[in-house]
Structures are given as structure tokens and as C-alpha cells.
Amino acid sequence: MPIAKKDLIHLSDLTVEEIWQVLDTAREMKQVLTRDDKKHPVLRGRSVINLFYENSTRTRSSFEFAGKYLGADVVNINTSSSSVMKGESLKDTALTLDRMAPDVIVMRHGCSGAHEILARHVKARVINAGDGAHQHPTQSLLDLLTIVEHKQSLEGLKIAIVGDILHSRVARSDLWGFQALGAEVTLCAPPTLMPAKVAQLGVKVTYNMDEAVRDADVIVMLRIQLERQKSGMFPSIREYAAFYGLNAQRLQLAKPDCLVMHPGPINRGVEITPEVADGVQAVIEEQVNNGLAVRMALLSIMGGVSK
Ligand code: CP
């Protein structure tokens, strides 16, 4: 069954049924990834462009592997060595790439709204690999898959998202996905890093981390995004770690089988202690593995059907 909308920019571009379709397909892709021969060439003859205006390790490499394992031709454009550095606008880059007839363009950009501009100027389907502080839908899909694998369902789960909510595209996509699949979401951050009026989205809001993680089934820790922050958002890294870091003592307030998640990259010793990040409840490496499977699933569904 194809995904109805041409582009995946906001997680809500997928219906709940389509989210489950991606997760089910990702589970099939995980079987493919256990084989010696990981090639599953359902996209032979198709082409994917990865266009990254911001740094990435996980998202970019997993989209590249995903496209290649599926048999597509994959071109990676590093904007720091492209004509973007000569001042080319996003619209002109889009018009240029469109002439190369790609089937899918995966883009990461620092500005929300950039993907809508790209999508208007290309026939290819556009997948958002992160746009500023707005959305990171494929991160949310891999987070959903990780939770479903451990808990079967999100219905009624208590999920705490803790950290730099203000600058986090992961938080914005996750809270939409978690709620769509039936979880109760609590957001926790220092007051300076909590968006105004966020409670209107139907989430609980607290500035007290102990309260946020008490009896939680899942804790999603967020990276402090110093690259997007003005100075003075909190007094010091040390104080932030003391009040909003996840350590072993705090983790004991959660349910004994609580999952600890983090989208990466981690600031060890800031938002999470090494002991917890490497502990038995952490599923951070599984998230990376599921990222590859989810991106294979999405490319196979979206790349195989031109709109
Ligand atoms: N989680 C995530 O998006 O990581 P990268 O920035 O390494 O892609």
C-alpha cells in the first residue's frame, strides 16, 4: 500500500495506519539486515539524493546504506563542497536536482519551511531528515519501532521526554507520534528550554525531573543543542547535569523495566551519565539499528511509487 502524501515533512503527514505500515515493513527489513547478503534490490533503477545542509552521522549514513541495500543509486551532496557555497539558493538547487530525475530527495536543513520549498520545485518525493527545531519524523519512527519491540504497544505507556525541548525537533516529532499511538507524554526541561504554551498539545509539563521520570515506562533524553542556543539559557553545564541529567539514582524512580532512549549524539556526563547510557536499560544502540531498518522501509515504500 503506498503512502498517500507525496512528501514526509511532518510526522503527521502519515496516518496512524501508515505509521504501522512503516513499522511492520521495518521489521521485515531487520530480517534482511541479518543476512550475509543484505541486498534487497526493490529499488533497482531508482535514485535517491541525500542533501544535508547540517551535520549528521546516524541519519545520513543510514539513509545512504538504506538506499544502497535496496539497490537504488544514491548520491550524497555535501553542501559545504557544493554550489551552495557559491551562494546558490535552495530553489535553484532544487530546480537543478529536479533535472536529474531523482525519485526521492532526503534533506536535512537548519530552517523549518525549507522542505516545503524543496517539495514545491521537485517531482521527487521529499523526506525530511531534520529541519531546524521543527521536525525529525524518521527519528520518531525509529523511536516508535524501538518502543514497540520492547513493549508491544504504546497504549497507556508513560513516556517522559527530558532536556532541551525548545530546540528539539526530535521532541516535536516524538510527542506527536507517541500520542498518536496512545502514550501519555510528560515534557521536562528548565523553564528557559520549555516552549511557551506547549501544554496545549495535550502533554504534561514539569520542570522537576524526579516528577517526570517517576513510574515512567520510557525516558527519552535529549541532547543539549548548544549550537542552536543563545547564551544564558541555564547557569552552567554542571548545574544542568545536576537538575536535568539522568543518573542511576534518578532512573530508580522509573519502572524497573523502563527503557532509556537518546537520539544521539550524546553529551556524556551532561544529559546522561555514562553508567546509564551504557547500562542494561539503555536501548540507544538499538535505536541506531532501527534507524537503518525504518529508513529502508520508508525508501522502499516511498521510492518504489512515484507520485
Ligand atoms: N539522531 C540524529 O539525527 O543523529 P545525527 O545528527 O547523527 O543524524
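Me: Is Ala129 buried or exposed, and what is its relative accessible area?

Reply: First the cut-offs: buried means under 20% relative accessible area, exposed over 50%, and partly exposed in between, with a 1.4 Å probe and protein chains only. Ala129 is buried, at a relative accessible area of 0%. Keep in mind that this is a predicted model, where local features need pLDDT of at least 70 and side-chain atom pairs count only at pLDDT 80 or more, while totals for chains, interfaces and linings use all residues. Residues are numbered from 1 along each chain as its sequence is written, and side-chain values use heavy atoms, with hydrogens and water left out.

Me: In which strand does Ala129 lie, and which residues does Ala129 touch?

Reply: Strands are DSSP runs of E, at least two residues, and helices are runs of H or I, at least four residues, numbered from the N terminus. Ala129 sits in strand β4, residues 125-131. Contact means heavy atoms within 4.5 Å. Leaving aside residues up to four places away in sequence, Ala129 touches Phe52, Thr59, Phe63, Val106, Met107, Arg108, His115 and His136. His150 is 21 residues apart from Ala129 along the chain, and their C-alpha atoms are separated by 25 Å.

Me: How do I read a helix pair, and at what angle do α2 and α11 pack?

Reply: Two packed helices are described by the angle between their axes and the distance between the axes. The axes are lines fitted to C-alpha atoms, for helices over the stretch in contact, and angles run from 0 to 180 degrees between N-to-C directions. Here α2 (residues 58-69) and α11 (residues 284-303) pack at about 50°, with their axes 8 Å apart. That makes α2 oblique to α11; angles under 35 degrees count as roughly parallel, over 145 as roughly antiparallel, 65 to 115 as roughly perpendicular and the rest as oblique.

Me: Is the crossing of α2 and α11 left-handed or right-handed, and which residues make the contact?

Reply: A crossing is left-handed if the near helix is turned anticlockwise from the far one by less than a right angle, and right-handed if clockwise. The α2 and α11 crossing is right-handed. From α2 the contact takes Arg58, Thr59, Ser62, Phe63, Phe65, Ala66, Gly67 and Tyr69, and from α11 Val288, Gly291, Leu292, Arg295, Met296 and Leu299. By class these are eight nonpolar, four polar and two charged. For the classes, Ala, Val, Leu, Ile, Met, Phe, Trp, Tyr, Cys and Pro count as nonpolar, Asp, Glu, Lys and Arg as charged, and the others, Gly among them, as polar.

Me: At roughly what angle do the axes of α5 and α11 cross?

Reply: The axes of α5 (residues 137-151) and α11 cross at roughly 115° and come within 8 Å. α5 passes α11 in a right-handed crossing. Among the residues that meet there are Leu141, Leu142 and Leu145 in α5 and Asn290, Gly291 and Val294 in α11. The contact of α5 with α11 has five nonpolar, seven polar and four charged residues.

Me: And how far apart are the axes of α3 and α4?

Reply: The axes of α3 (residues 90-98) and α4 (residues 114-121) are 9 Å apart, at an angle of about 40°. That makes α3 oblique to α4. The crossing of this pair, α3 and α4, is right-handed.

Me: How many disulfides are there?

Reply: A disulfide is a pair of cysteine sulfur atoms within 2.5 Å. By this rule the count is zero. Take Cys258: the closest cysteine sulfur, in Cys188, is 14 Å from its own sulfur, too far for a bond. Cys258 is buried, at 1% relative accessibility, and Cys111 is partly exposed, at 43%.

Me: Now the backbone. Which residues does a cis peptide bond join?

Reply: Gly264 and Pro265, with omega about -10°. Pro265 lies in the loop between β9 (259-261) and α10 (274-277).

Me: What is phi of Lys197, and where does Lys197 lie?

Reply: Phi of Lys197 is near 60°, a positive value in a residue other than glycine. Lys197 is in the loop between β6 (184-188) and β7 (204-206), and counts as exposed at 64% relative accessibility. Asp215 is not a glycine either, and has a positive phi of about 65°. Asp215 is partly exposed, with a relative accessible area of 41%.
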